[in-house]
Amino acid sequence: MLATSPEPPFVEIPGIKSSYFALIARDTLYLLATRLQFSLTITHPPDFLFGGYKNGKWDGIIGQLLRKEADLGASLNAITYARYTAIDFSVPVIYDVTGILIPFPDESSKIMAALQPFSIEVWMAFFSATFLICLTLSVEGKINSSRKTFGDHIMWVISIITSQGFGYCENRLALRLTGATWSLTNVVFIYVYTGVLTSLLAVPNYVPIINTLDELATSSIIKPVTIRSTAVDDMMLNTKNGTYKLIGDTFRKYPNETLVANTLVGVNRAVEGGYGFLEPRTSLLSLMENDRKEHKVCRVTLAKETFYPRAFAYLLPKKSPFKDAFDRQILLFQQFGFIIHFQRKIVLQSNRCLLQKKKVRSRAPRFTLDHVSSSFVILFVGYAASFSSFVFENIRNTFDYDW
């Protein structure tokens, strides 16, 4: 008699597709039945739970095993110390980490895209250099009795920035060096700016609502949610400090919202926009891709950080006569590659809703002074050469030296 998980392929619940772990458990179990020559009779716990210790007794599949209503837990369950005190586990079948399923983010606004390519320090340096060039041209013109006005200098500087061209007929070497330097500086600056701005406008920029468990624990706009009587909720509810305790406090405060019955409810909570669903990452990948195929759009994605790595195994009653045979066969399956074969057959190779797969950014790229320092080096060197030429020309004119 097999007590099984409250989800396909063993127990059909409308709206729930077979998860990764349920399929691995099914394929491995059928192979075990063939090798050990036993038949399968499927049952499920009346509360449809995996197994947690509540009010002095075990519920779910573990409760069935303790009451001798089943000989084996057919679902792959996380190995925890609390469960180990009540029942036995087979050797681990697979290992996984816990992921966080979150609402797929909206594309960030591009209303300020024109200012995003550079950091504030770069913009300050650029406008300071622009003002310095205008002031230099104006002072030089005053000293040499130029007919150019300050407005003429500003128009010429702006025309270089916008690549429009503006007549500036002066034959003094200092001014020509200043003009050439300013033009070369802007070639570097403008092409960098244009390239970054084009990528900003052309490539979607999605900013996840949260990226880590710490952010989820302290967020005021998104709550954690997980399946009731699993290893995750047991760990969170029994931790006495830190991030896990904060998550557990939320579970205690909003039990009806955050402790759900199955994966369908958990995914729907994430789609609603105010919840992060905590489940084994590989199962979340499967659920996320199934949701995309069904609705033709990405409604959920995964936060970047994972946590709580653990092993998953079959459940057996204490001193079960089947444990040694199960352990030997599972180890043989692993040795000859059957478990890896099942994983590769089931796991989804493509998942378009993963932000990492879509190569989208968690924030817009922004260039700092370090990135564009070469253009300001050109400006500094040219400015120094122009100033030297200016001094030399004025000394020559003072002594009326005829070249």
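Which residues form one aromatic cluster with Phe118? The cluster consists of Phe118, Trp123, Phe126, Phe127, Phe189 and Tyr193. The model is predicted, so local features need pLDDT of at least 70 and side-chain atom pairs count only at pLDDT 80 or more, while totals for chains, interfaces and linings use all residues. Residues are numbered from 1 along each chain as its sequence is written, and side-chain values use heavy atoms, without hydrogens and water.

Across the whole structure, 13 aromatic pairs were found. Rings of Phe, Tyr and Trp (its six-membered ring) pair if their centres lie within 6.5 Å; planes under 30 degrees apart are stacked, over 60 edge-to-face, and the rest tilted. Phe118 and Trp123 are edge-to-face, because their planes stand at 75°, with ring centres 5.4 Å apart. Trp123 also pairs with Phe127. This pair is stacked, at 5.9 Å centre to centre and 25° between the planes. Both Trp123 and Phe127 belong to helix α4 (residues 120-143), where four residues, about one turn, separate them. Helices (H or I, at least four residues) and strands (E, at least two) are DSSP runs numbered from the N terminus.

Buried means under 20% relative accessible area, exposed over 50%, and partly exposed in between (1.4 Å probe, protein chains only). Phe118 is buried at 1%. Trp123 is buried at 16%. Phe127 is exposed at 52%.

The largest nonpolar core has 36 residues. Such a core is a set of buried Ala, Val, Leu, Ile, Met, Phe, Trp, Tyr and Cys residues joined through side-chain atoms within 4.5 Å. Ile100, Leu213, Leu216, Met236, Ile247, Leu278 and Tyr314 touch the most other members. Elements supplying at least two residues each include α1 (20-36), β7 (94-103), α9 (242-253) and α13 (323-335). Ile247 is in contact (heavy atoms within 4.5 Å) with Leu213, Leu216, Ala217, Pro224, Met236 and Leu278, not counting residues up to four places away in sequence. A second, separate core holds 21 residues, among them Val225, Ile227, Leu287 and Leu302.

A cavity is a set of points, on a 1 Å grid over the protein atoms alone, where a 1.4 Å probe fits but cannot get out; lining residues have an atom within 4 Å of a point. Four cavities reach 30 Å³ or more. Helices α3 (81-86) and α8 (231-238) each give two or more residues to its lining. Tyr53, Trp58, Arg83 and Asp234 are among the lining residues. The lining comprises four nonpolar, five polar and two charged residues.

Technical notes:
On a 1 Å grid over the protein atoms alone, a cavity is a set of points where a 1.4 Å probe fits but cannot get out, and a pocket is an open set with protein on both sides within 12 Å along at least five of seven lines; lining residues have an atom within 4 Å of a point. Grid points are joined across faces, edges and corners, and a volume is the space filled by probe spheres set on the points. Ala, Val, Leu, Ile, Met, Phe, Trp, Tyr, Cys and Pro count as nonpolar, Asp, Glu, Lys and Arg as charged, and the others, Gly among them, as polar.
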